[in-house]
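Biologist: Can you walk me through this one? I'd like the core and the charged pairs.

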Amino acid sequence: MDPKEIFELIIKADEKLKYSNEANMDLRKQQAVELLRQARDAARQIGNDALVQQAETRLGDLGASA
């Protein structure tokens with residue numbers, strides 16, 4: 001996975017939260033966490049520390065373990 005694809009996963013996670021509502025907030029949060037973990041792991045595989053940090057920061061904001 002290249003850096004652009006990883007960044008797109010982070011954006012998708014943000015959009016899951018942005019477009020959530022009270023009825024689906026828990027589901028959207030879990031989907032976002034899964035996308036961010038995928039992005040973090042992929043960024044680690046290619047050695048892109050900036051993207052790893054971005055994903056971990058967002059995971060932390062969501063209260064998910066990094």
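This is a predicted model: local features need pLDDT of at least 70, side-chain atom pairs count only at pLDDT 80 or more; totals for chains, interfaces and linings use all residues.

Biologist: How many residues are in the largest nonpolar core?

Modeller: It has 17 residues. I6, I10, L36 and A39 have the most contacts inside it. A nonpolar core here is a set of buried Ala, Val, Leu, Ile, Met, Phe, Trp, Tyr and Cys residues joined through side-chain atoms within 4.5 Å. Buried means under 20% relative accessible area, exposed over 50%, partly exposed in between (1.4 Å probe, protein chains only).

Biologist: Which element gives the most to this core?

Modeller: α2, with seven residues.

Biologist: What is I10 in contact with?

Modeller: Leaving aside neighbours within four places in sequence, I10 is in contact with L36, A39, L51, Q54, A55 and R58. Contact means heavy atoms within 4.5 Å.

Biologist: Now charges. How many salt bridges does the structure hold?

Modeller: Three. The criterion is a side-chain nitrogen of Lys or Arg within 4 Å of a carboxyl oxygen of Asp or Glu. One of them joins D14 and R58, at 3.1 Å, N to O.

Biologist: Is R40 buried or exposed?

Modeller: Buried, at 8% relative accessibility. The R40 side chain meets that of D41 in a salt bridge. D41 is partly exposed, at 36%.

Note on methods:
Residues are numbered from 1 along each chain as its sequence is written. Side-chain values use heavy atoms; hydrogens and water are left out. Helices (H or I, at least four residues) and strands (E, at least two) are DSSP runs, numbered from the N terminus.
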